[in-house]
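Please walk me through this structure stop by stop. Tell me what to select and what I will find there.

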Amino acid sequence: MYVENLLITVCVFIILAWACYLPLLGGQLFNGPVYCAGISGYFAAYVTKVLGWPVALGFFGGVIFSGFVAFGLAFFLAPLTMFQMAVVTIALIFIFQTTFRNLDFLGGVTGMSGIPSVDHLVVVSFTAIFICLVLLHRLYKSRWGRALEAVEADRIMASAMGVDQYRMSIALQSAAGTMGGLAGAIYAFNLGTMHPDIFGFGQLLYCFTIVFVGGRFTPWGPMLLAPVLWLIPEFFPSSIAQFRNIFFGAVVILCLLTMPKGLVTKRTVARVEIFLRSVFQRAH
Amino acid sequence: MKKGRILVLLSAALMVLTPIADRKAASSQVVVDQWEVPFINTWTGVGAGYGVLCDFFQKAAMEEINASGGIAGKPLVMQDLDTAMDATRAASCMKKAVEKGLVIIGPMTSLDTQVSAPIAAKEGVMCLAAAAGFETIKDSRPWAVVLMIPNQKRTEFTMNAWVERNPGIKTVVMLGLPKIAQWAKLGELQKEALEKRGVKVLDNIDVEAGAVDVSSVVIRALKGKPDGIVTRLMPADTVRVISALLKRGFKNKGAIFTHSSADSPELYTMAGESGNILDGTYIGVWGTTNETPAYKNLLTKFQGLKGQEKADKTMWGDLFYVATYMVKEAIEKTGATGDPAKLKEERIRIRDYINSMKNFDSRIKGPISALPDGSFTVPDYLGRIENNRAVVVMSSSEYFKE
């Protein structure tokens, strides 16, 4: 049970970090995945626990609903600059948290517990990771991926080349919101509890630490760093637990100072690809 | 006649020897070399300051128990699990604890309990969330208990006892820390209790923790000219706010009530440095001076902690001291063996034992009993600050005539 929980939690953080990473590809600091995770988690919790919907319906309902919320808000957020969007979406995190805290039918300040459990949630989580990875990889190699890179490098140049940044931003925010929703639904069914404090500013910082330290230019960085960051405190000896945050902070600072682009860069990925290809060729 | 005498003697001998034999059998049945009990607490993160103190009290009980022969002859060791006051990690800690734990001490905070107690309930392990809010275990009964009376009753007691001593209070302004969900709930309960008595709450103002300048909130608080002030803040913020209130003309010190969350050595140290400014105000009090040798011993140890040298009483973290002794008694009285094959059945016996405790000798808080809703009759108090010390005015036991 414990190991299963660790695996699922790591999957949640990977998906949430990817959801934050995706808009960064297009030069957008969009914090929506965090509140979308909360929306999806609460939606899934409410419809399965109170309305008695089947778990699968509640799960996908939560994901789709959070995607719609992100899509709706995207029309207003899309014209914003990177920093405006960062500030507005941080404000939205607080707005949604306060809303959850004040809605009695969602449990108010004490949250909701007793959410029905999902069988084989580990399999569901790994399937979600696999699907997200394939989609991100396909996006990265596609025309859209190149357009995103162009926007990230120079917005004006990208516009001159015909990239519709408004539509691209809407698509990115919707996709990131849906991915955040996926993470939130898995989280809710894993813990069996939703609480207004869970998907807040702390969670946002944690996700961006994963993205920036892991490497914000490929999906592999967050994927490798999420388990490391989560498991360090888990296996840190309890006798020196009080120094855990110092150690944690030192690792993050050291990584960012020595590797400003993160642990896994495009070059790292290319090297690994070449290495694996040569190993594969030698084997044959 | 002789046969009769022999029979009587035999039965008397049996009556005397059976408990001894039973005790020996019970101790020989224990299959573990030590009792490893999970302790879910917060050693790092936002709540670490409180967590370290809770750990101190828990470990003090553990050391005493081990020095006096352990539990059923075996030493008690703790499996320390740190939630870092993070809901996700709290769930992770609980999932680790329920794997082998016979009974669990903790979690410490309400948020951690809210998230993780349902996991304990689902897996059928008793958890003693000693200091958490009562609301947090409602869905996890009977597998979770809290060692204090429910917030609703406590709030009703403190508000009523305070207003009774200040009959002139007709209007009140509340100042609270907004980020702690349980305190927001507490604010609602305080408002309810006051309104039941016909006291109008003019405003409920959010005060951020560690705010450098509190003058704006104080001006807002005094705008409606309230008769009374209720605060739910951290100790340092409480001193800052009350100091600003007095400077801006709020004269009736008795009409200021501070929630028990601030009742700590930090509060009195800061108030002392500001010229005993809290003298004459009322405060909710958890710990109280107690004349039992166990309490005196514990207080002396507590004063040995860095920063607690001036403490004249323990703090609410001492509930973990009580919880540890409860675990000892539950294991011994239910004859638990620690045998993994009997884990499920022994967990149920421990649950039933703890839920039906009557007049349990808490050593430091007098005899306490379990209530049907999962709370315990641990008293709390209304205090009045005199010479920078909280002097007990009334206890909840006295108020509710428990």
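Predicted model: local features only at pLDDT ≥ 70, side-chain atom pairs only at ≥ 80, totals over all residues.

**Stop 1: chain A as a whole**

Trace chain A along the sequence and the pattern reads α-α-α-α-β-α-α-α-α-β-α-α-α-α. The C-alpha trace of chain A spans about 55 × 50 × 40 Å along its principal axes. A compact globule of 284 residues would have a radius of gyration near 19 Å, and chain A agrees because its value is 19 Å. Of the 284 residues in chain A, 45% are buried. Now think about contacts in chain A between residues at least 6 apart in sequence: 81% of these join residues at least 24 apart.

**Stop 2: the largest nonpolar core**

Select Ile15(A), Ala17(A), Ile186(A) and Ala120(B). In the largest nonpolar core, which has 205 residues, these four touch the most other members.

Zoom in on Ala17(A). What is Ala17(A) in contact with, leaving aside its neighbours within four places in sequence? The partners are Cys207(A), Ile210(A), Val211(A), Pro222(A) and Ala226(A).

**Stop 3: His120(A)**

Center on the loop between strand E1 (112-113) and helix H5 (121-141) of chain A, where His120(A) is found. This residue is not a glycine, yet His120(A) has a positive phi of about 55 degrees. Most residues other than glycine have a negative phi. Is His120(A) buried or exposed? His120(A) counts as exposed because it has 10 C-beta neighbours inside 10 Å.

**Stop 4: where chain B touches chain A**

Show both chains. Here 25 residues of chain B are in contact with 25 residues of chain A. On the chain B side, the elements giving two or more residues are strand E2 (76-82), helix H3 (87-100), helix H4 (110-123) and helix H6 (181-196). H3(B) gives the most, with eight residues. Color this side of chain B by residue type: 11 residues are nonpolar, six polar and eight charged.

**Stop 5: the domains of chain B**

Color 34-150 + 313-368 of chain B as domain 1, and 151-290 + 380-400 as domain 2. The C-alpha centres of these two domains of chain B lie 30 Å apart.

**Stop 6: helix H10 of chain B**

Select residues 293-303 of chain B, helix H10, and show side chains. The buried residues of this helix are Tyr295(B), Leu298(B), Leu299(B) and Phe302(B). They are on the same side of H10(B) because they cover an arc of only 100 degrees around the axis. These buried residues pack against helix H2 (48-67) and helix H11 (319-334) of chain B. Turn to the face away from the buried side to find the exposed residues Pro293(B) and Thr300(B).

**Stop 7: backbone details in chain B**

Go to Pro107(B), in the loop between strand E3 (103-105) and H4 of chain B. The peptide bond from Gly106(B) to Pro107(B) is cis, with omega near 0 degrees. Next, select Pro142(B), in the loop between strand E4 (126-128) and strand E5 (144-145) of chain B. The bond from Arg141(B) to Pro142(B) is also cis.

Finish at Arg363(B), in the loop between strand E11 (360-361) and strand E12 (367-368) of chain B. Arg363(B) has a positive phi of about 75 degrees. Arg363(B) counts as buried because it has 20 C-beta neighbours inside 10 Å.

Notes. Residues numbered from 1 in each chain as written. Chains lettered and ligands numbered in written order. Domains from an automatic or database assignment. Buried ≥ 20, exposed ≤ 12 C-beta atoms within 10 Å, placed from the backbone. Helix = DSSP H or I, 4+ residues; strand = E, 2+ residues; numbered from the N terminus. Arc of directions from axis to C-beta. Contact = placed C-beta atoms within 7 Å. Nonpolar A, V, L, I, M, F, W, Y, C, P; charged D, E, K, R; others polar. Rg over C-alpha atoms; globule rule 2.2 N^0.38 Å. Core = buried A, V, L, I, M, F, W, Y, C linked by C-beta atoms within 7 Å.
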